[in-house]
Every structure is written in structure tokens, then in C-alpha cells.
Amino acid sequence: MENARDLAEHGARSERKRRDSFGMFDGYDSCSEDSSSSSSSEESDEEVPALPANLPIIKTNGQVYTYPDGKAGMATCEMCGMVGVRDAFYSKTKRFCSVSCSRSYSSNSKKASILARLQGKPPTKKAKVLQKQPLMAKLAAYAQYQANQQSQVKKADVPVEGFDWGRYIGSGEMSGAPVSCFKHVPMGTSWGDITEGVRVEVANTDSSLPMKVYWIASIIKLAGFKALLRYEGFDGDTAHDFWRNLCVPDIHPVGWCASMSKPLVPPEAIQHKVTNWKAFLVKRLTGAKTLPPDFTSKVQESMQFPFKKLMRVEVVDKTHLCRTRVALVEQVIGGRLRLVYEESEDGSDDFWCHMFSPLIHFIGWSRSIGHRFKRSDVSKRLEGQTDAPGQLFVKVKDVDQSGEWFKEGMKLEAIDPLNLSAICVATVRKVLADGYLMIGIDGSEAADGSDWFCYHSTSPSIFPAGFCEINSIELTPPRVSRSPSAPGYTKLPFKWFDYLRETGSVAAPVKLFNKEVPNHGFRIGMKLEAVDLMEPRLVCVATVTRIVHRLLRIHFDGWEDEYDQWVDCESPDLYPVGWCQLTGYQLQPPAAQASRERPPSVTKQKKKSQQYKGQKKKRKIPIGKRPVSLTGIALTGVPQHSLSGDENMTPPEYPSPPTPPTTSEAIHTVSASQELNPARKAGCY
């Protein structure tokens, strides 16, 4: 009964201590604060060495210790077997961790004590000090381990410092798009009410202790996954503010230290400001918000992706936009897939896209809707290959094609996949099943239709005629043809009414287009990480410079406006600040910074060839010879030829587009010199 009562008292005392201390160092109090002794009779018979004056003091149940410094070596108690810092042990010989152990050993109780410990019996009242000592012993052992680890780390090579979002954004007016704007990223749908003012427990970097200690910090500013934090106690002092990614493992909700027996220690710069840190934390944290208890587990769960290596998919052919090919998943990083075309022998013929991209589909998709498909010459599959399940791909909205619907020859406006900074006059070239359309850019189509591209009728990248004029966006008119037999469209400025009359065509009905505008949350000036769709393996530092309904104008920091891209607000190619750090993907810094850090042979990236302003496009590759590079690889040496012979001829071969009307100057063109210029973020899509 006595043992049971002692155990109950010990449990209640431990629980009360856990609630009151917020996980702080056991008994951490001011030196001036009163502390009751657990037993006045338990005094050491031997001389206790003086404490180093430069170490803070811990008072526990009347016993006085110092923070372990990791320099004095370790010792093992001959009575209870606990390990701790040698200087904190009792007696000149440092054989025992406490007075109780010393007396128990000398009173021939060693055997009984060891037996009781092996049987799991609670300690006696005489050994109250031992109830406090295990934490100190663990901390001391951990301190020694940390010191050894740190000495090893210092010997290792220091990694090259990457782009620093915190330094780039700073504490000023610059802001980052919130995580809730990106439903396709980890935590995108469960970010919740994480806002300024939320408290977290984070590693205390302003501490001379050899072990890892923590302190409370509050969120001062949010930018995507990144947060500007300030330790509690600094109040309006911004000198020690720091940026952290909230989804890294070292950020925890308040209460984590207490539950994990981790020490909470205030930064040294403010230790003198408060005499009772426990009372300070109680006052500051009462009613405060913190991260959900399962925040870390949710982050880990959201970092799991269904696509696996060697899964087979159908993806757009980067050399001919009008068809698809089979590719294998080679790598998955943060939901982005590196796909290698099945016929690539050395694995260099690859293509990057997100797993939710409209450019990838399940095996058999092309045949099911009547899309052109290039058959693979590979007769034998690699071991482990499997077709990606259909449920892994994004489902498009069902549409009713039985009534009024798109027809071949109808005119519209569309984002040019070969120049994503431009919205162009375009034509429906073929109507496929399930709401898909083949679109061609007027005046710049290859004779064999190899540069037609597939958009779904609900795609946010196609618009009714007049969309650009209504929203004050520059519309790129049909390209001027240099051929005498096809002089092209001549009337500038471009007018839709005149163009439709002269070409004898009709505009696609407005009601057929997607007019849904979600409450996306983006604002002009917000920073983010965006894929350069002209070089889709690159994720770059970017800014939202314009918003038109659901359409975003993305500017790549450090580059000219000519390389801006129109992107939908729900595009899987946009990511919040800190996404690259979280997933391990490489982030491309602004061009100005890149040119300073890279060798001279690469600094030419900032030097760009003369760009065409206004209505002129960036590339000038002649019609019929224009390569399409979805990864930025120049393909000017690839001869254009008929697409028959190496592809599945279901559906039948597309008819050649009609001869474009007369025009007077080159607009929608591609420059071969620019395509080969390393300064250009070249490529397509």
C-alpha cells in the first residue's frame, strides 16, 4: 500500500510538473526564486566542488546543478547505473549521482535496490532525488552525443548555399502567395488557419548549451511555406527574427517539448529580462493559437505520391505537339514527374511535368478520343513496368457534344503553347471525343499540322473571340506570310469583325467556354515558385504581375517581360514559396543573382538577343521547319516530314490547314538564332 501511495503521489507530481513547466528544463527558475528542499537531512558527507560561475543554475528539489557543458566528461553512478556529466556527480571520486545513492551504497542496500529496479518497483521516499535525476542524466548523455556529432559535422564539407527566400522577401511589403492558393501541393487543402500570431516550438539558436534546446516563437509574417519567426520575449525587437519553413521536421506545436521531454530554454540575449519564465509563458500562451497536434504527420502523409518509377503513361510528343507517345516515370519529386520516352535508349529523351498536368494520360487515352498517337518500336518491356492506373490522372468535366458544339473552322483566342506570353488568334482544326479539340494558331501552322495542339473545351487556356479586347490584353494577330501565294492578313490593327468576314469563318459561341472563376486568393505582386513552361525542368523565382479573372501573368524575376507566361490560377506548375526546399527540388534564382554566382561561360544568360516588341513573336523558324522543343532542346536539325508511317493511323491523317489570308509583316514567327541562344529560356510548352 505504501508503495502504491508513493507511486500515485509521484505520478501526480510528475503530471503537475509537466503542465506547469511547458517542457522547460526541469525546475528552471531564477536564482532569486525560492525553492523548497525535499529533505534537509539528505546532505552530502563529502565536500561538493564549487560551481563554475559562467554557467546558469538549475535548482531541483533543493539540489543545485549546472547545465551540462559536455567538456568535463561522463560518469556512471555505481549505485543506480545512471549516466551523467561528471561534474554534477557527488563525492570527490564522482562515483554517485546523488546523496541518496551514496548512502544507499554505504548501507549495504545495493543488492536490494538493484533487485527493486529490475522488478520495476517505485523508488522509496529516501530516494526522492532520483525522481529528478533521470532527466538530467539523459540530457547530459544527449549533450555528449550532440557535441560529438557537431565536431564531426564541422569536419564535413559545407554545402553550397542556395537561394535564400527569407533574405529576398525580407520583412517589408513583399509577400508570398499563401499555401491555400495551391491545392495540388503538400498541405494545400489542409493548411487551415495558420496565420500571423500562431506560436510554435522551434530550436533555440541563441544558446551556448551543447545539447539542442527549444523555445517558443511566434509567426510574424507568412510567405508560402516560409514563416518569419520571433522568439517570445523579444517583443518589438526584430534583430533576432529568422525565417523557417513550417513544414520541416524541426517545427512543432506548443506542448511538443513537454510531451517529448525536450528542454525549453530562453535565448541568452533575453534571459536577464524575466525573473520567472514559467509565469511569462503562461501569460503569453494563454488563448494563443498553435499548429495542430497532427501537423507533422499530415505533412508526411501529403508528401506521399501515387506515381511510381517505371509506370507507363501517354504524354505529349515534345517534337510534334499533335500527337502523344508512351513514356516511363523515371523520377518523382514533390509530385513532379520526370518522364523518359519509351524509345529512349540512354534515358536522355525526357520530359518534365506535374502528375496533375493535362499533358499526361493513361495508356489508351489517345485511341479512346481519336487523338494522334505514335507507336513505340520497343517490343519488350523492362521488368517492373506497369501501366499507371486511370484513377491517378486528372478527370476532366463531362460535356454534352450532342447540341450546339464546337465545329471545325470556328475561330477563338488561345494561349500559344510555343510562346506562352502571347494569346493568339486560333482555329478549331478538329473536334475529338470527350470534349477535346485540336487547335491551330492562325498563320503559323506547319503544312502537315504537326504543331496543332490539344485543349479540352473546358480548358482555361482558350477564350472566345473578343476576350483580349474586353480585358485589355494584347492579342497576337495571324502571322504575316512571306509567300506570294499566301500573302496573309494585312489589316492592322486587328479587328475580329473584319477578320471573320474576310475569312468567311464564324467565332465559337461564348457559351461553350469555361467561365468559372474560383476564389483563388492570388494578388498582384505575390511571390511564388513557377515552372518555366518553355523549359519545364526548371522551377524559378517568380511574381504575379497581372490577374485577369482566373488567368495569371507570371513574371520570372530577373528576366525581361518578354519571357512572362500566362498561366491558369489552378495550374499544377505553380508552387508556394518554400516548395522546392520542402520537396528537394532545385530552385532557379533570379537571373541577376544567377549571373553573379555562375562561371563566365554561363553568365550569357542575362545577355539576350533583340526581342520583338508589341505584336511580334520571339521565334522566326520558317513554317514547315519549326521544331517543337518542350524541354528547351533545340531541334533545328530535325527534318520535318509527313507524320504517316511511324504512328497509329487512328484517326485518319489530318487534312492540311487552309491557306492563310494576306498579311503584310512578320508577327507570329520563331527565330532560330534565339532558339539556340543559351540566354533564351528556350523550348516549348
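Predicted model: local features only at pLDDT ≥ 70, side-chain atom pairs only at ≥ 80, totals over all residues.
Modeller: Local features here need pLDDT of at least 70 and side-chain atom pairs count only at pLDDT 80 or more, while totals for chains, interfaces and linings use all residues. Residues are numbered from 1 along each chain as its sequence is written, and side-chain values use heavy atoms, with hydrogens and water left out.

Biologist: Why is the pair Asp250 and Lys212 called a salt bridge?

Modeller: The term requires a side-chain nitrogen of Lys or Arg within 4 Å of a carboxyl oxygen of Asp or Glu. For Asp250 and Lys212 the N to O value is 3.0 Å, so the pair meets the definition.

Biologist: What makes Asp250 partly exposed?

Modeller: Buried means under 20% relative accessible area, exposed over 50%, and partly exposed in between (1.4 Å probe, protein chains only). Asp250 has a relative accessible area of 23%, and therefore counts as partly exposed.

Biologist: Which term applies to Arg550, buried or exposed?

Modeller: Arg550 has 11% relative accessibility, so the residue counts as buried. Its side chain meets that of Glu570 in a salt bridge, at 3.2 Å from N to O.

Biologist: What is known of the burial of Arg312 and Glu342?

Modeller: Both residues are buried, and Arg312 forms a salt bridge with Glu342, their closest N and O atoms being 3.1 Å apart.

Biologist: What makes a set of residues a nonpolar core?

Modeller: Such a core consists of buried Ala, Val, Leu, Ile, Met, Phe, Trp, Tyr and Cys residues joined through side-chain atoms within 4.5 Å. The largest one has 131 residues, and Trp191 and Ile439 are among those with the most contacts inside it.
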